[in-house]
Amino acid sequence: MNSPNPALVSQRAVQRLPRLALLAFCAAYVLPGLFGRDPWKAADLTAFGYMVEMAAGRTGWLSPTLGGLPVDTAVLPHWLGALAIALLSPWVDPALAARLPFGLLLVGVLALTWYSCFHFGRTPAAQPLPFAFGGEAHPVDYARAVADGAVLALIASLGLLQLGHETTPELVQLFAVALLLWSLAVDGARRWRARLAVLVALPLLATSGAPSMALAMGALATALCLNHRAGPTRRAFAPWVGAATLLALAAAAQLHTWQLRLALPGSADDWLRTGRLLLWFLWPLWLLALWTLWQWRRRLGEPHLGLPLATTGVGLVSTIAMGGSDRALMLALPGMAVLAAFALPTLRRSTAAAMDWFSVFFFTACAITIWVIYVALMTGVPAKPAANVARLAPDFVARFSPLELLVALVGTAAWLALVRWRTGRHRQALWKSLVLPAGGVGLCWLLLLTLWLPLLDHARSLRPWVQRLQLHWPADGCLAAPGLGRPTVAALVHFGRREVDAVTPAERTACPVLLLAPGRAAPPGWRRVAQERRPTDRNDVLVVYRRADDRRRAGPAR
């Protein structure tokens, strides 16, 4: 016998979040970071380096290399950026062109999460209890309100901010997980679309670098679809999920994407570091998801809970198995956002109020800090923040942008209006508890990527470092960089406009310039000409050598 449904929701509580407001939340989250910046160290810059080489035809598309180094992640996601660069060149900057398809993927993740939660919310087991004298929430309105909450929860998650705006394979994996969740949610309402989606989602997840997670999610989803609570339509859907799992295994084997990266935490410090990652990365989703699991604990076998829990569990276990990988943890976010949304019908008023007040104080304080440092950069007052920036980011020159200032002012005014709205008479809406967390995250991200964009670009980009290095090498010839990491090689190729050889030993290279990390001795025949440190990171240092008989004038390539 099923336990009583814990959700009691009136029709007043499922008032619709205005579509314009929801779109504004999504736009404020997705658009900042797309424009006006360089690729940032490290994974973002590395992936971009391979994409540029592929688009320019300097390396193959099946086995791309960068400075002679083969790609160490799945190739398929790199094709997206390379195709965009090739199609939009020379009208669009390559960095922006590469980010555009990944920005669309992030939009797709938000949309698929909304529709997944919407269809889960329409299932009979997820619907709230009817009232004795009527007035309970209409099924469609209830599902829409819960789905709005799921998108707000996903936007509010702190871990998705940076990783969701990179051009890396993990964003393709995240889209594949969201597509899988959508196919499991709509298998009865959109039968053929769901079948096609699952046949795409699991192979896409496997070929974009996560075959073991595709196998685990496919196996769990197949088992849950065969559960007696799943219903006849989902039981009929189980063979399609199983077939998609087998197809994913075959595709991963064909493209050689099987790479087991097991690194279980071995010490107490490792476990503590992983625990801290879970706490901040998943905030506030983990709090709401735990509340959902407790309130609905006797109905965890129902599809609207079991299926999102399966994808979430695979992401969490993979994170621990990989030694606290934040990129594996990102794949748990769509399922956890759906779980968090089903906490809203049962959330206590005191808990919701605590979340609201925490969001108001925390994000307002963050916004004030961003504004104060921005004013200090522009005017020199207050003097201490300006001095701290000068110490941490030497050689940085602040620039004023009226457009960025206007966008930041509009975002700040929208936050103040949102706080006023939340403290007004709108206390019945089911999604109200996630408006301020999502709005606060969107505000801070918007301010950081407008007011602080030049500073962040100076700190996270390797362009200033390469510009320093260019002063010490001739205007032509290749660069030998044996032993250097892929992000550094990508920066030398893209910002230095040079051919880089990162695989040939220094003793056998024909390049006139040799770049080595400190502590590595150059072979005979080379003379040391400079040592340059990255302006914002003392750990990034390169030593420049030139051949002893090379007296050509140094300078940047033309």
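This is a predicted model: local features need pLDDT of at least 70, side-chain atom pairs count only at pLDDT 80 or more; totals for chains, interfaces and linings use all residues.
**Ground rules.** I number residues from 1 along each chain as its sequence is written, and my side-chain values use heavy atoms, with hydrogens and water left out. For local features I need pLDDT of at least 70, side-chain atom pairs count only at pLDDT 80 or more, and totals for chains, interfaces and linings use all residues.

**Overall build.** I counted 22 helices and seven strands in the chain. Helices (H or I, at least four residues) and strands (E, at least two) are DSSP runs, numbered from the N terminus. The radius of gyration is 26 Å, close to the 24 Å that the globule rule gives for 558 residues, so the chain is as compact as a globular protein of that length. That radius is taken over C-alpha atoms, and the rule is 2.2 Å times the number of residues to the power 0.38. Along the principal axes, the C-alpha atoms fill a box of roughly 95 × 60 × 50 Å.

I then checked burial. Buried residues make up 55% of the 558 residues. Buried means under 20% relative accessible area, exposed over 50%, partly exposed in between (1.4 Å probe, protein chains only). I also looked at contacts (heavy atoms within 4.5 Å). Among those between residues at least 6 apart in sequence, 75% join residues at least 24 apart.

**Helix α2.** I compared its length with expectation. The 13 residues of α2 (residues 43-55) should span 18 Å at 1.5 Å a residue, and the end C-alpha atoms are 18 Å apart, which agrees. The expected span is 1.5 Å times one less than the number of residues. Eleven of the 13 residues in α2 are buried, including F48, Y50 and M54. Their cover includes β1 (65-66), β2 (69-70), α3 (76-88), α4 (94-121) and α22 (486-494). After α2 comes G57, with a positive phi near 80 degrees.

**Cysteines.** I searched the whole structure for disulfides (cysteine sulfur atoms within 2.5 Å) and found one. It joins C478 to C511, S to S 1.9 Å. The S-S torsion is about -110 degrees, so this disulfide is left-handed. C478 lies in the loop between α21 (463-470) and β3 (479-480), and C511 in the loop between β4 (500-501) and β5 (513-516), so the pair ties together parts that are 33 residues apart in sequence. Both cysteines are buried.

C225 is in no disulfide; its nearest cysteine sulfur, that of C117, is 17 Å away. C225 counts as buried, at 1% relative accessibility. For C444, the closest cysteine sulfur is in C366, at 4.6 Å, too far for a bond. C444 is buried too, at 11%.

**Cores.** A nonpolar core is a set of buried Ala, Val, Leu, Ile, Met, Phe, Trp, Tyr and Cys residues joined through side-chain atoms within 4.5 Å. The largest has 139 residues, of which Y142 and F342 touch the most other members. Its largest share, 13 residues, comes from α4. A second, separate core of 26 residues includes Y50, L484, V500 and L542.

**Strands.** I finished on β7 (residues 541-547). Six of its seven residues are buried, so β7 is largely enclosed by the rest of the structure. Strands pair if DSSP finds at least two bridges between them. β5 and β7 pair antiparallel over four bridges, with L516 opposite V543. Seven bridges join β6 (residues 526-533) to β7, also antiparallel. There, E532 has L542 as its bridge partner.
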